[in-house]
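Below is a short report on one protein chain.

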Amino acid sequence: MRAVLTWRDKAEHCIYDLAFKPDGTQLILAAGNRLLVYDTSDGTLLQPLKGHKDTVYCVAYAKDGKRFASGSADKSVIIWTSKLEGILKYTHNDSIQCVSYNPVTHQLASCSSSDFGLWSPEQKSVSKHKSSSKITCCSWTNDGQYLALGMFNGIISIRNKNGEEKVKIERPGGSLSPIWSICWNPSREEHNDILAVADWGQKLSFYQLSGKQIGKDRSLNFDPCCLSYFTKGEYILLGGSDKQVSLFTKDGVRLGTVGEQNSWVWTCKVKPDSNYVVVGCQDGTISFYQLIFSTVHGLYKDRYAYRDSMTDVIVQHLITEQKVRIKCKELVKKIAIYKNRLAIQLPEKILIYELYSDDSSDMHYRVKERIVKKFECNLLVVCADHIILCQEKRLQCLSFSGVKEREWQMESLIRYIKVIGGPPGREGLLVGLKNGQILKIFVDNLFAIVLLKQATAVRCLDMSASRKKLAVVDENDMCLVYDIHTKELLFQSAPMYQYLDRKMFKEAYQIACLGVTDTDWRELAMEALEGLEFETAKKAFTRVQDLRYLELINSIEERKKRGETNNDLFLADVFSYQGKFHEAAKLYKRSGHENLALEMYTDLRMFEYAKDFLESGDPKETKMLITKQADWARNINEPKAAVEMYISAGEHVKAIEISGNHGWVDTLIDIARKLDKAEREPLLMCAHYFKKLDNPGYAAETYLKIGDLKSLVQLHVETQRWDEAFALGEKHPEFKDDIYVPYAQWLAENDRFEESQKAFHKAGRQQEAVKVLEQLTHNAVVENRFNDAAYYYWMLSMQCLDIAQDPAQKDVMLDKFHHFQHLAELYHGYHAIHQYTEEPFSSHLPETLFNISRFLLHSLTKDPPLGISKVKTLFTLAKQSKALGAYKLARHAYDKLQGLHIPARFQKSIELGSLTIRSKPFHDSEELVPLCYRCSTNNPLLNNLGNVCINCRQPFVFSASSYEVLHLVEFYLEEGITDEEAVSLIDLEAPRHKHENKWQEITSSNSQTLRLDETTDSMRDDDPFTAKLSFEQGGSEFVPVVVSRSVLRSMSRRDVLIKRWPPPLQWQYFRSLLPDASITMCPSCFQMFHSEDYELLVLQHTCCPYCRRRIDDPGP
């Protein structure tokens, strides 16, 4: 074993610890308060790392190579990345003595003078454990399950991953033998975990995981400061106060010195998976050595002996393949084998072994003799009874007892010795010298016989079995065969390489057949291939079993058979296989096949070379090349680079796909803005990814660029950007359905049914609008929101009226219209009744509640609609009738209630009311009796006919707020008069008589007459109100008031109210009989109100109380 210094450097401070990066490329040293990072190949200082404030004592690299840790006297541990960046720092209470990474879990153990901590990347905190003494060293087992701690008091504590102590080992020296370095054997072949321990009792010891010691302590004779194993655990390095690093076997046998230093060695480590050793010293010296282990072996006929693990000798039978191992437990320096003898030189002695029997297959050796003496020799030969030692120019013959019997002095350095046989004790030796002389010596003869002398130094020689010929290999690797007797040179074998230099491949092949190494065969094959000598190349590649090149040769031969003759092309293929890519590219170009060169470069991902090769070539090829480069970048997970390349190659679709999948919105919008609007496909892809990545603004910009308004509308709808969608719908009405239908559905899903209904209506989806309204109405009734129910029924009726414009649905829809209008009026009135009966306070006047309950009872002729309670209505009527003096009606209401199922909460009140009403007079107050403004008939408070006059059957017109009968009479137009003509006639306002009121009421003893006094004579017969109304009009049929043109012409515009219903309904005309009492009609729902009531309600609600039309809205 030799140690060759590769490089050396010197730091300013003591090197306390060092660690290799697992791939061996970098070396981290702890020097002073800094870490020094070296390139292991040449010793270049790459970077000093500053982070600690005091001396760095320890450093360790994680097995995965991603991070390393350092510990310092400043009580802190810093975690560094492989990029030399500090990422984490934590502290202990004392200075950090050692750190070590778990080889499996990458958990970090950091040890201080008083405790040790365990940290892993997954944990946010460091779990710390107290120690009984200062921890000086630590080491993890190969499986990462246990951590050994060496302590200053001579104790070794073995802990599990959680820090719990499992085994405690106490060294005999105790605190007088501090444990200074420990290390588990990293070998995977060992059955048990073995811990090497070096202490300052100057001992090296080995222990099992159980704490049991292996063998005895090995005395070192120096204080060890560092101990480390080779990667596979075959050797141990130890350094310390002896100022050198020593190599030991894994069993503790010293093999030799690696390198002597000028100061204490504080740390030494082996580069991973190599024979390189680095040493750090007290004076700051860093030395990097290469260990060269020479081959020690011997051969005799079919037996081959060689050194293994530096201390063992293996003897192998080359025929039977049997092996036997001889453990010497010391460094084996030389081996010699002859017949049944085996000689092994150790540092202080030579052992001579012999076979147990004469059997040619016997492999059992036993010690025959021991020569206990230290010898320095270059070569060792054993004979039957002697050993021959070579010391430069001198040969010594010793008996097996160690007595020197003879000595020969040569003219030059002895290069080779071989025993050529002979009787025991008289064997002959062939000796080759450096000056070319070849001698024959007999063991029992002092005189050497010169056989011949040649011009070149001898490297190896042998004699033929007939003793007539001598073969010599000289220092030029030339084989020479001589006739021993005539000294004639019979044969001279030039090395194969001389023939290769002359391109004489067949002759070189013949030489190779005599016996060369696989390397020589490969060299011959390559040279023949480059010389296009395919036959020789084929044979040579067959020898080394290289199928890849054999396939190449076969393909070239096939092409030659097909008529290809371009040798440049063949040679280019050969160069590309050999890795000579630039030479191959030149040949491809010379043979006119640039495309093959480009293909080669792109397949090899050598895109820069491909670009240089193209120079200013075809732009299409350049684009193809960039595309391939981008494909490769994509495959190796370099998407950013791939996107840039795709863009430069014009492959926008692929660039968009990668950017979209990685969520790179900025890149996407850059691409979208640079693309021409004609490139729809990539732009649509951009828009798709913008939507997917929740960037609707960019998507809208892209759709606008290509003019895809439909997709833009869909985008606004999907992202619920309704304002933008409506603005777009205003400009492009064709998208109205695409906007309002989803908008309505969205509103409905979000419980905004009213707005949803309006949106459906606006979109022309009447059925959906009606459906939503019906659901809304039902919900409102169920939830007792009768005011809302009235509003929804009114809206339903108006939508039915819209649908009724379709002739096919006219009759059905008109029926529904009248039904829903009726329900709207009922629920509008019942809202006040419900409030009165359910809430503690009511805002309605007693007269209003009285009128509403009467109106409802007159309207509820059949089964009441859902939600309207007849009990509550009668209860309200009874209470208000009693309060207002309508005792007869109150008694009737209480009687009616007796026949109904009454809720328990009303029971007591109704029973009490039924009793107390009997104390009241059996009549109603005349002030409450309603008057018919057509026939001036007083109607009973409870009318069996409903809300019509009992005399003239004229329907009453009620105020929608107070439910009083309004002074209005509905009149109809004569046949032939259109609504437009009627309005124009009314607007004419013909001159009036001196009486302001043209309607004259004439009362005689037996009749009442209403007369429209236009002229004294001509108009009297045409005025329908002048007829007798009591008995003539008192039939069961209702006769409406019909007016002629002349009557219309005489009417004042302010006295006439017109319900201008949309078709197919006809307009309704009403004449106010008390023009001074102002009436207001809502222009939207056509409900009538006393003007004062309407103004007050509008001020309260800012809208019509019935249809909720806002005061600032335009007319219907």
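The side chain of Ser131 reaches the backbone oxygen of Ser133 at 2.6 Å. That is a polar contact, meaning a pair of N or O atoms within 3.5 Å; within protein, one must be able to donate a hydrogen and the other to accept it, and residues adjacent in sequence count only if both atoms are side-chain atoms. Ser131 sits in the loop between strand S13 (127–130) and strand S14 (135–140). Helices (H or I, at least four residues) and strands (E, at least two) are DSSP runs, numbered from the N terminus. With a relative accessible area of 16%, Ser131 is buried. Buried means under 20% relative accessible area, exposed over 50%, and partly exposed in between (1.4 Å probe, protein chains only). Leaving aside neighbours within four places in sequence, Ser131 is in contact with Ser114, Asp115 and Met151. Contact means heavy atoms within 4.5 Å.

The model is predicted: local features need pLDDT of at least 70, side-chain atom pairs count only at pLDDT 80 or more, and totals for chains, interfaces and linings use all residues. Residues are numbered from 1 along each chain as its sequence is written, and side-chain values use heavy atoms, with hydrogens and water left out.

**Whole chain**

The protein chain has 29 helices and 56 strands. Of its 1116 residues, 51% count as buried. Among contacts with a separation of 6 or more, 43% come from residues 24 or more positions apart.

**A buried asparagine**

Asn939 is found in the loop between helix H26 (904–916) and strand S49 (968–973). Is Asn939 buried or exposed? At 1% relative accessibility, Asn939 counts as buried. A polar atom of the Asn939 side chain lies 3.1 Å from the backbone oxygen of Thr937. Not counting residues up to four places away in sequence, Asn939 touches Val929, Pro930, Cys932, Val948, Cys949, Ile950 and Phe956. Val929 is 10 residues from Asn939 along the chain, and their C-alpha atoms are separated by 6.3 Å.

**Backbone geometry in loops**

Two residues other than glycine have a positive phi: Gln202 and Glu321.

Another loop holds a cis peptide bond. The bond joins Pro1063 and Pro1064, with omega about 10°. Pro1064 lies between strand S53 (1056–1059) and strand S54 (1068–1072).

**Two helix pairs**

Two packed helices are described by the angle between their axes and the distance between the axes. Axes are lines fitted to C-alpha atoms, for helices over the stretch in contact, and angles run from 0 to 180 degrees between N-to-C directions.

Helix H24 (residues 870–884) and helix H25 (residues 887–898) pack at an angle of about 150°, with their axes 8 Å apart. H24 and H25 are therefore roughly antiparallel to each other. Angles under 35 degrees count as roughly parallel, over 145 as roughly antiparallel, 65 to 115 as roughly perpendicular and the rest as oblique. H24 passes H25 in a left-handed crossing. A crossing is left-handed if the near helix is turned anticlockwise from the far one by less than a right angle, and right-handed if clockwise. Residues making the contact include Leu874, Phe875 and Leu877 of H24 and Leu889, Ala890 and Tyr894 of H25.

The axes of helix H2 (residues 505–513) and helix H4 (residues 534–544) come within 10 Å and cross at roughly 25°. H2 and H4 are therefore roughly parallel to each other. Their crossing is left-handed. Phe505, Lys506, Tyr509 and Cys513 in H2 meet Thr536, Lys539 and Arg543 in H4.

**Nonpolar cores**

A nonpolar core is a set of buried Ala, Val, Leu, Ile, Met, Phe, Trp, Tyr and Cys residues joined through side-chain atoms within 4.5 Å. The largest has 61 residues; Trp794, Tyr827, Leu856, Leu968, Met1088 and Cys1104 touch the most other members. Among the elements that give two or more residues to this core are helix H20 (766–782), helix H22 (810–838) and strand S56 (1088–1090). Which element gives the most? H21 does, with 13 residues.

Cys1104 is in contact with Cys1082, Cys1085, Phe1089, Tyr1094 and Arg1109, leaving aside its neighbours within four places in sequence. A second, separate core of 49 residues includes Val315, Ile335, Ile352 and Cys397.
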